[in-house]
Each structure stands twice: as structure tokens, then as C-alpha cells.
Amino acid sequence: METANLPTMDPSKSVDNVSARTLNNVDEGLLKTGSGNKVRPAMAKSYSISKDGLTWTFNLRKSKWSNGDPVTAQDFVYGWQRTAKPSTASQYAYLLDHVQNFDAVNKGKMAPSKLGIKAEGDDKVVVTLSKPQSYFKYIVGMSAAYPQNKKVVEKYGNKFAANAQSAVYNGPFKLTGWTGTNNKWTLVKNNQYWDKKNVKLSKINFQVINDQQTWLSQYQSGKADEIILDGTQFKNFKNSKELNKRELASTFYLDLNQQKQAIFKNQKARRAISMAINKEDFSKNVLADGATAPKGLVSTGLASRDGKDFADQAYVKAGTEYNLAQAKKLWSQALKATGKSSMTLNLVTDDTPAGKKASDYVQNALSKLPGLKIEANNVPFNVRLTRSTKGQFDVLVDGWIADYPDPISFSSLLTSTNSYNYGHWKNSQYDTLVKNAEGKDANDTGKRWNDLVDAEKILMQDQGIVPLYQKAQPQLLKSKVKGVEYFTTGAQFDFSHAYIK
């Protein structure tokens, strides 16, 4: 089950968890992430890295697309070039920013053919990086780096992957039954998949359900094999043998749109918004599903060094604490500086159960600030994504799940030029620290860690975003369902070895 429709199945344009989960089971990159966030061979049966860390060579296994075409090294070259070129407008293109000539290609200053990836015959992909990237092994398993069948992409043009029939698949399943707008789809075993003998399920049915009670009824009647519980359900089923307490490297936070509302350029206003919200109360008593109060943007449990969790090391108390009296004082000062005595702000959230709870709680909390009125808009997931990218909000309940187990997956989001920096917060020192972690300090584990810790501290001291909660995912899964692989980052679920006992 899902709580939102599929927005796209285009590997270059996927930006959300719903499409990521589906893509992870119908397509496959060079490598694949699994349980414990460990990487294993996928389309590449083996790979090697040069001593300087700049050249990665992947040896491909023999495999086919769902239409019978062979998957070749050139499909990877084409897919990466398509993701990188500016006309595709891929928000995830930045994942390839360590690949040689990426910046010039992405800005249209070089032809896509100049990107640092080449095919040596049909079975070897050679990637040249502009600088070392220790976590590149995770990048090559993400949808932005999937192979793409040029013949199929060009056949459908801007309609490519807009429905199940306008794409081909190289993973364990293929997508059927998705029209591009409907709320049901099915994953069917892909008999062209290289490891089809180990794929046990013949099909997996997906349905979008926004109402938790309906979802629970479906589960209890046997029409659904899993359910993500809300707070009340979590409490009622906390002793169930079918309960799986899924941890997530996912933080939800508020983006404050500085391009639309000048008041948010004032740090006092941003801090006031944060201090007006009791994150502990919201996560523990409202969501009540195992969610926790965040310590910052980077989620707790994502990464640690020398036994110390990143979130603990980078913690800035003022960035997440609740202090309504101080919030009122700061907001009054910020509002006075605008020359206004009152203000109405638009709050945009998903229309999911958690989104509606966040909307109600944040609206109530911020309405306690002097002269501030909040108008809340709960919208479908794909509408929220569109409004996010177009800046059609004042305050946005945003969320991110780490794509791979490294703090940079979060830290990179708030750099000045990142397309996911929807609030347009900018800090040159923050940018420099993130740049150093990705550049001159990339091969020095200690310095790189400290760069990112310091960057997180700057973000929270300046209140670039307002952390709201770290998401949990309590799941009931029928005991007959075995072999589902779960991981805390990225797409989260791999059904390729699942079976019914």
C-alpha cells in the first residue's frame, strides 16, 4: 500500500519515496543497497577502483530489458548523460556532481558526451571522477544512475515513463496497470531479469489508501498484507507479533520561503517559528507512532564516528528547543522590522494522515505568535511536489530520507544552489564547509566529518530550516510474508527475494 500516487517512473525525474520504492524493484543500477545499508553487485557483477579513487570500472553481467533488448554499457552512458543534461531538468542530477565534467554538462557549457562515463564494449562501464567520493558506490545504485534504453526514451519523448506501458524495465519486476493517474498498480515478475530464478513472487499489488482505518480494515480482512500504522494503531498493536518497528533516516522540517516572504530573511523570524513549535510534544503525543523529536536536519542513527553519532555531535539546542515566550518576543521584533502589525502566511502540507496532523499542529502553534495568521493547505503529494519546486508556499512541511548512509545526503540539500533548497536559505560559510567535505577534505575522514558537523551547526544556529520530527515507520506485515529486505535509507524496500510461506 502507498499513501500517494506514483508521480513518475522516469529514473532521471524521480524525486520522491513512492516512485523510488517502485523503481528500486523494476529497475536496477550497477550496484544495489540492501539490509544494513550494505552494497552488493547488481547489473555489475564486479568492479574496481583506481588507487587515486578517480576511476571506477564496472564489469557488467549479461542481462536484458523487459522487451528483450540487451542491457549494455551504452545504456548506462545514455542514462547518465540524460540525467545530467540541463534539458532533462533532473532535480537529482547533482548526485552525479563528482563525475568528470558534470558541472559544465549540467549547465549546458559542454555536450553530454563529455560527461566522465564511457562504454568499453557492451560489458564494461568506466567512470572518471573529478575528485574522490568515498560513497560513490551508493550513488551508482540510485535511480538517477540507472541505465536507460535510448530507443524507448526517444520513442515516447516527453511521455516516456508517464505510464506503465511507456517504459521498459531491467529489474526483478515490471510495472503494469499504471495509467499515470490511477491509484492502483501491479509489479509483475520480469522473466527477462538476469536473476529471475531467485524471484519468488509472481506479482505485487499496490493501492493508494489515504484513510488509516480503511487501510487497517483491509489488513485485518486479508485484502492487504502490510500497513504502516498511525499513532493510535501503533499503541493498539504494540504487542503484535506482526509489528516491525522500522527505523528511518528521515527528517521532516519546515521550509520558510525567503523569496516570497521577506520576513524570513530575518533570523529572528525563523528562530521564532522554530521556538513556537514543541517538537517533543508533537512527535510523542500527536504522531505517537515512534517518531522522535529531531536534533537537527541530519537524522539520528544515520552515521557515527569513533562511537559518536553525527546528530549528537552537531546538536545545537536553540535550533530545536521549544520556548513560546521567546518565540513571541522574537516574532514581534521581526514583524516590527517589516513595518507591519499583522501577517497571513500560507502553510502547505501533504494530505496524508501525518501531513494533516502536522498541518493542524503547526497552524495552531504558529497562530500563537502575535499578529500572525496561518492558512493551511493540505494537498495531494504530487501537488505538494509541484508547489515546492515552483515556490508556491510561504511555509512548507518538507521531508527527506537519506539516499545513502552519509550525512552529506542531508547537508547537500541546503547549499545555496541545490534545487531542493526550497526556502532559498543561503550561507556562504555553510557552502564552503560542504564544498570542502566534497573536495579538498574528501579523503581525510576526520576533516570531512568535522566539516559536515560544523556545517550542521551553522544551519541550526542560523535556523536555515525548522526541524519538526524524525520519522518512524511502524509496520504490520503478515507473518506469511517472508524475505522482504528493508533498509533505513533511499528506497527502503526490496521485494526481489520476498516470498509467501
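Of the 501 residues of the chain, 56% count as buried, a term that here means under 20% relative accessible area, with exposed meaning over 50% and partly exposed the range in between (1.4 Å probe, protein chains only). The model is predicted: local features need pLDDT of at least 70 and side-chain atom pairs count only at pLDDT 80 or more, while totals for chains, interfaces and linings use all residues. Residues are numbered from 1 along each chain as its sequence is written, and side-chain values use heavy atoms, leaving out hydrogens and water.

The chain contains 16 helices and 21 strands; these are DSSP runs numbered from the N terminus, helices being H or I with at least four residues and strands E with at least two. Its radius of gyration is 23 Å, close to the 23 Å that the globule rule gives for 501 residues, so the chain is as compact as a globular protein of that length. The radius is taken over C-alpha atoms, and the rule is 2.2 Å times the number of residues to the power 0.38. Along its principal axes the C-alpha trace spans about 65 × 55 × 45 Å. Among contacts (heavy atoms within 4.5 Å) between residues at least 6 apart in sequence, 67% join residues at least 24 apart.

The interior can be described through its nonpolar cores, each a set of buried Ala, Val, Leu, Ile, Met, Phe, Trp, Tyr and Cys residues joined through side-chain atoms within 4.5 Å. The largest has 106 residues, and those with the most contacts inside it are Phe58, Phe76, Trp80, Val127, Phe136 and Leu175. Helix H16 (residues 445-461) gives the most to this core, with 7 residues. Another core, of 36 residues, lies apart from it and includes Phe252, Phe282, Leu324 and Val362. Val362 is also one of the buried residues of helix H12, as are Gly355, Ala358 and Tyr361. Beyond its neighbours within four places in sequence, tryptophan 80 is in contact with residues including Leu30, Leu96, Val127, Phe136 and Tyr146.

Aromatic rings form 23 pairs in the whole structure. Rings of Phe, Tyr and Trp (its six-membered ring) pair if their centres lie within 6.5 Å; planes under 30 degrees apart count as stacked, over 60 as edge-to-face and the rest as tilted. Tryptophan 56 and phenylalanine 136 are edge-to-face, at 5.0 Å centre to centre and 70 degrees between the planes. Because tryptophan 56 lies in strand E4 (residues 55-60) and phenylalanine 136 in helix H4 (residues 136-139), the pair ties together parts that are 80 residues apart in sequence. Both residues are buried. The rings of tyrosine 135 and tyrosine 404 have centres 4.9 Å apart and planes at 15 degrees, so this pair is stacked. Tyrosine 135 is in the loop between strand E6 (124-128) and H4, and tyrosine 404 in the loop between strand E16 (395-401) and helix H14 (408-411), 269 residues apart. Tyrosine 135 is buried at 4% relative accessible area, and tyrosine 404 is buried at 3%. Ring pairs also link Tyr47, Trp56, Phe58, Trp80 and Phe136 into a cluster.

Charged side chains meet rings as well. Arginine 61 lies over the face of tryptophan 194, 3.6 Å from the ring centre, and the charged end of lysine 478 sits over the ring of tyrosine 219, 4.0 Å from its centre. The criterion is NZ of Lys or CZ of Arg within 6 Å of the ring centre and within 35 degrees of the ring normal.
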